[in-house]
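I opened the file to look up a few points of packing and pairing. My entries follow in the order in which I made them.

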Amino acid sequence: MSAKGIRGNERTAGWIFVAPALIILGLFFVLPILMALWVSLTGWNGQGSPFTSRVPFVGLHNYTALFATDDLARQDFMTSIRNNAYYVLLVVPLQTVLALGLALVLNNRILKGKSFFRTAFFFPSVTSSVAISVVFLFMFANGGAINALLSAVGINGPQWFSDPRGLIHIALDRVGVHNAPAALADHGVLGLTWWDWLSGPSVAMCAIITLVVWTTSGTFMVMFLAALQNLPIQLDEAGMVDGANAWQRFWRITLPQLRPTMFLVVTLGLIGTWQVFDQIYVMSQGNPAKTTLTPAFLSYRTAFRDFDYGSGAAISFVLFLIIVLFTLLQRWLLRERRGH
Amino acid sequence: MISRRWAVAAVAAGALLATGACGSGFDENKSTQQSSGPASLQIMIASSGDAETTAVKDAAAMWAKSSGNTANVIPAQDIVQQLGQGLAGSNPPDVFYVDAARFADYASVGALEPYAQTMAGADAFVPGLKQSFTYKDQLYCVPKDSSTLALEINTDLWSKAGLTDADIPTTWDQLTSVAQKIKAKGITPMAIGDTRDRIGAFLVQAGGWWTSPDGTKATADTPQNEQALAYVQSLLKNGLAKYPKALDAGWAGEAFGKGKVAMTMEGNWIRGAMSTDFPNIKYTVKELPAGPKGKGTLSFTQCWGIAAKSKFKTQAQQFVQAMTTADQQLSFAKAFGVMPSRQDAQATYEQQNPDDAPFVEGAKYGQGPVNAPKMDSVLADLDAGLQGLQTGDPKAILQRFDKNAKTALGG
């Protein structure tokens, strides 16, 4: 390995150039992650430094406790995973479709007042999520705007933020299944019965889902819009010459070209939704009956309320693994298929 | 290639080294006590509003001036989280409010200085309140005020139902029978908050409680507790009492203030809510009806905690002394409507506010919150069970609590 030569000094220069970025990343990103990883392996109770010999080292106990011990901690964790899974399942598709739809409308050449609509759709994204959450609390209050609207058309609106019933349970109740079938209620996995796993998002969670879809679709709309405006018009025109109708052109020509943007939007959506915290903190704190408990909020509560910082950190690392797994999965699903 | 791998290794090693360096930086400096000379005290309070913030700031400024120290009052947005950060960084405020419901968590991890154990004049405080701040037989801090639950009666609805002062219930049976009379007139008799902080009062009246007095054992699954929950369930099932949610109210006091119910059981904080939000409702306050094992109510309180890591423990203790004199407690009571926690001050308070006598009486036999560490999630789970009490099984709720609490208490 003789790296010397005419370009021998470039390597040193390169390192010097990237050093500021590396130092900042290391100090504010890698280092805190390593420290949190250490905390997750200890029984630190939040008094003084976690990096002294007096802090008990417990190995992987904080992690195994989340999956293997039949107690409240595991039940809370699994409940939070269930709630967040339903949340992701609804929010990601809805916000992606809504964002794409809005972007397509704005990209339409015949639309008038484009900049007005663009601003209007984007506005929720640039407003503080705490401020929007508080406004939504008022709108979804028992005597609030949403229920007033519903009652105007003759619907008796639910008590949004105090209704812990899951949507699937409500639907089953409508068709005559009032109590859990024994097959589902008596068996379960990881501390929750099958009946609990299959509850669906609660009414309270639905209000939060509405809020999040509304606020984030603006951001993703801008991404789709940028991608749409970059697409070569010739392909679309070629499709027209070949006699493709609008739907065929969208499905066969536009959408495939949006694949990279779609990947970006879905990935960012997955990451953001698995980490949902501020809306929960402001609006519900996990209530009613734990149906809006999410891993991020549970991690915070375990650490700062129960002084169990080790478990709290462990929950956040499990959450990190979940996000990585889902991102890899959807990367595989959205891959370029050859010979298609 | 080899050199690149070395570079990566070097970066990783550097990061680890930095972690270590940070670690030593965080290490506790030998707690250097400064017991004489001017101290600079940080006081963190969870304020109920502007009135309390101003009153505490004024009192602190006065103390600072007369003692030659400085005192900086910080009203916290979220005291649990802000304290958590301070404690983790070894830099907590010197003096801070500790809620009785959270006290054991702080005491068990060694965050609190047990100054009250040796503090002169600690005997003056109500014994029941002191019990709320005792952990492993040590009194850690002195209560700054107290609140208790009592029965509030809407006098207009009461007479509308054909009831008089002679009908005011003093036992469970009487409560049931007046509630039936009120219901017969088409009025909802009672609003009860759907948490352990209200329903727990029935447990006390039946002679039970969630945990043993020293907070080391879960004792929910007993016949007394089952009797109490069954009684509350019968009230709910027969429409004699409703949860605030079912009355479209945020809390029982709101349902009461809107005139939707004839009775409710809330603490002395309802006074402030009634006078600002619902000034037109006429009501009277009585002690809670007694259960099979006599009178019982719940008391709520906060204490003046001193951080174990404070540099100015002596001055902090002097500050707490000044904040808890009978005169100071009475002036706090006047400023923002809390009850004193000292027996002598309570007597004066009762004379000055005869209408509040039931609240003061309650302080004598009130039961404090569950006093054990790591119970936050267990109690949250209990509340979820109590929300479903109307259709639930009382015994199952109690057994579930015992199972969860046993894990948390490690017994």
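**Conventions.** I note that this is a predicted model, where local features need pLDDT of at least 70, side-chain atom pairs count only at pLDDT 80 or more, and totals for chains, interfaces and linings use all residues. Residues are numbered from 1 along each chain as its sequence is written, chains are lettered from A and ligands numbered from 1 in the order in which they are written, and side-chain values use heavy atoms, with hydrogens and water left out.

**B:Lys309.** I looked up B:Lys309 and found a relative accessible area of 30%, so I list B:Lys309 as partly exposed. B:Lys309 sits in the loop between E13 and H12 of chain B; helices (H or I, at least four residues) and strands (E, at least two) are DSSP runs, numbered from the N terminus. I also checked B:Gln33, which is 276 residues apart from B:Lys309 along the chain, and the C-alpha atoms of the two are separated by 9.4 Å.

**Sheet in chain B.** I traced an open sheet of 5 strands in the order E2-E1-E3-E13-E6, with mixed pairing. Two strands pair if DSSP finds at least two bridges between them. The edges are strand E2 (70-75) and strand E6 (142-143) of chain B, each pairing on one side only. E1 (residues 40-45) and E3 (residues 95-99) of chain B run parallel and are joined by 2 bridges; B:Ile43 has B:Val95 of E3(B) as its bridge partner.

**E13(B).** I followed the pairing of E13(B) on both sides. With E3(B) the sense is antiparallel, over 5 bridges, and B:Val98 has B:Cys303 as its partner. With E6(B) the sense is also antiparallel, over 2 bridges, and B:Val142 stands opposite B:Trp304. Of the 5 residues of E13(B), 5 are buried. I sorted them by face: B:Gln302, B:Trp304 and B:Ile306 lie on one side, B:Cys303 and B:Gly305 on the other. Helix H12 (residues 313-323) of chain B lies across E1, E3, E6 and E13 of chain B, at about 160° to E13(B). Axes are lines fitted to C-alpha atoms, for helices over the stretch in contact, and angles run from 0 to 180 degrees between N-to-C directions.

**Chain A overall.** I recorded 16 helices and 2 strands. Buried residues make up 41% of the 340 residues. The mean pLDDT (the predictor's confidence in each residue, from 0 to 100) is 86, and 97% of residues reach 70 or more. Confidence is lowest in helix H8 (residues 182-185) of chain A, at a mean of 77, and highest in H3(A), at 92.

**H3(A) and H15(A).** Helix H3 (residues 72-107) and helix H15 (residues 295-304) of chain A pack at about 150°, with axes 8 Å apart. H3(A) is therefore roughly antiparallel to H15(A), a term used for angles over 145 degrees, with under 35 counting as roughly parallel, 65 to 115 as roughly perpendicular and the rest as oblique. The contact (heavy atoms within 4.5 Å) involves residues including A:Phe77 and A:Ile81 of H3(A) and A:Leu298 of H15(A).

**A:Ser311.** My last entry is A:Ser311, in helix H16 (residues 309-333) of chain A. A:Ser311 is buried, at 14% relative accessible area. Not counting residues up to four places away in sequence, A:Ser311 touches A:Asn62 and A:Thr302.

Notes:
Buried < 20%, exposed > 50% of the residue type's maximum accessible area, 1.4 Å probe, protein only.
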